[in-house]
Amino acid sequence: MKIRIVILCMFLLAGTVQAWAAERVTMDIKGMTCALCPIAVKKSLSRVEGVDTVKVSFAKKKAWLDVEDNVSDAQLQAAVKRAGSYSATVTGRVKTKKR
């Protein structure tokens with residue numbers, strides 16, 4: 001019985017560690033020319049598996065994302081490119097705790 005409890009606790013803790021592994025990503029976005037562009041960029045980035053929240057600023061030409069730590073820069077850049085005539089550069093990654 002004690003072994004079952006220990007194993008159950010290990011699985012619960014392992015799931016908790018994975019759920020908390022996250023990063024805040026900052027990206028520079030080039031090619032946005034109107035106020036509708038951030039909507040297309042946000043929609044495309046939101047479709048990437050492992051992306052939690054996305055904020056895109058037309059005025060600052062930037063995007064901020066909360067992502068799981070297994071999401072690569074290449075995946076994010078490809079998503080921006082799929083949104084239209086845009087290109088992106090990841091300018092920062094900071095480890096965070098998922099909300």
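My entries follow, grouped by topic.

**Entry 1: salt bridges**

I kept in mind that I was working with a predicted model. My search of the whole structure returned 6 salt bridges.

I began with Glu-23 and Lys-95, which form a salt bridge with their closest N and O atoms 3.3 Å apart. Glu-23 belongs to strand β1 (residues 21-30) and Lys-95 to strand β4 (residues 87-97), so this pair ties together parts that are 72 residues apart in sequence. Are the two partners buried or exposed? Glu-23 is buried, because its relative accessible area is 8% and the cut-off for buried is under 20%. Lys-95 has 58% relative accessibility and counts as exposed, because exposed starts over 50%.

I noted Asp-69 as partly exposed, at 37% relative accessibility.

**Entry 2: Lys-62 and Asp-28**

Next I checked Lys-62, whose side chain meets that of Asp-28 in a salt bridge at 2.5 Å, N to O. Lys-62 lies in strand β3 (residues 62-68) and Asp-28 in strand β1, so the pair ties together parts that are 34 residues apart in sequence. Both ends came up as partly exposed: Lys-62 has a relative accessible area of 25%, and Asp-28 is at 27%.

**Entry 3: the backbone at Lys-61**

I then looked at Lys-61, which has a positive phi of about 55° although it is not a glycine. I found Lys-61 in the loop between β2 (51-57) and β3. Its relative accessible area is 30%, so I put Lys-61 down as partly exposed.

**Entry 4: α2 against α3**

At what angle do α2 and α3 pack? I read about 135° for helix α2 (residues 37-46) and α3, with their axes 8 Å apart. The two helices are therefore oblique to each other; I checked the cut-off, and roughly antiparallel would need an angle over 145 degrees. I also noted that α2 passes α3 in a right-handed crossing.

Which residues make the contact? From α2 I listed Val-41, Ser-44 and Leu-45, and from α3 Leu-76, Ala-79, Val-80 and Arg-82. I sorted the residues of this contact into 5 nonpolar, 1 polar and 1 charged.

**Entry 5: Ala-35 and Phe-58**

My last stop was Ala-35, placed in the loop between β1 and α2. With a relative accessible area of 60%, Ala-35 is exposed. How far is its C-alpha atom from that of Phe-58? I got 6.3 Å between the C-alpha atoms of Ala-35 and Phe-58, which are 23 residues apart along the chain.

Key:
Residues numbered from 1 in each chain as written. Predicted model: local features only at pLDDT ≥ 70, side-chain atom pairs only at ≥ 80, totals over all residues. Heavy atoms only, no water. Salt bridge = Lys/Arg side-chain N within 4 Å of Asp/Glu carboxyl O. Helix = DSSP H or I, 4+ residues; strand = E, 2+ residues; numbered from the N terminus. Buried < 20%, exposed > 50% of the residue type's maximum accessible area, 1.4 Å probe, protein only. Axes fitted to C-alpha atoms, helices over the stretch in contact; angles between N-to-C directions. Parallel < 35°, antiparallel > 145°, perpendicular 65-115°, else oblique. Left-handed = near helix turned anticlockwise from the far one by under 90°. Contact = heavy atoms within 4.5 Å. Nonpolar A, V, L, I, M, F, W, Y, C, P; charged D, E, K, R; others polar.
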